[in-house]
Amino acid sequence: MARASWRMVAVGAELRVRATPNASKDAVEGLGEEASGQRYLKVRVRAVPEKGKANAAIEALLAKALGLPKSAVSVEKGETQRIKTVRIVGDQSIAGALQALTGEGDAG
């Protein structure tokens, strides 16, 4: 069985993201799945993957998509990797926003 792309944690949620930098536009493109069954949210950003520019663009894109301030979204793990773990700080209400964004049910 596939594992959800996000889960609730003590301070909010963690979301697995697969990033494509140097894209023609910034966009959230739905879910993908690794061979292991772990799901992730596919995102594309125009920013280049140097000096954290792509990570900052990912944070801004996800904050906008979830209706949160930029300060609530941060890349926690995988700064230089294609698959990243993004921390989203907030209360239980962000679960609904994540469900809407990913199309996945309650993963917490």
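I took a salt bridge to be a side-chain nitrogen of Lys or Arg within 4 Å of a carboxyl oxygen of Asp or Glu. The model is predicted, so I noted that local features need pLDDT of at least 70 and side-chain atom pairs pLDDT 80 or more, while totals for chains, interfaces and linings use all residues. Residues are numbered from 1 along each chain as its sequence is written, and side-chain values use heavy atoms, without hydrogens and water.

**Salt bridges**

I searched the whole structure and found eight salt bridges. In one of them, Arg87 pairs with Glu14, with the closest N and O atoms 2.7 Å apart. This pair links distant parts of the chain, 73 residues apart: Arg87 lies in strand 6 (residues 83-89) and Glu14 in strand 2 (residues 12-20); strands (E, at least two residues) and helices (H or I, at least four) are DSSP runs numbered from the N terminus. Glu14 also forms a salt bridge with Arg7, at 2.8 Å between the closest N and O atoms. I recorded Glu14 as buried, at 10% relative accessible area, and Arg7 as partly exposed, at 44%; buried means under 20%, exposed over 50%, partly exposed in between (1.4 Å probe, protein chains only).

**Asn55**

I located Asn55 in helix 1 (residues 53-66). Asn55 is buried, with a relative accessible area of 11%. Leaving aside neighbours within four places in sequence, I listed Val75, Glu79 and Lys84 as its contacts, contact meaning heavy atoms within 4.5 Å.

**Thr102**

I placed Thr102 in helix 2 (residues 94-102) and found this residue buried, at 8% relative accessible area.
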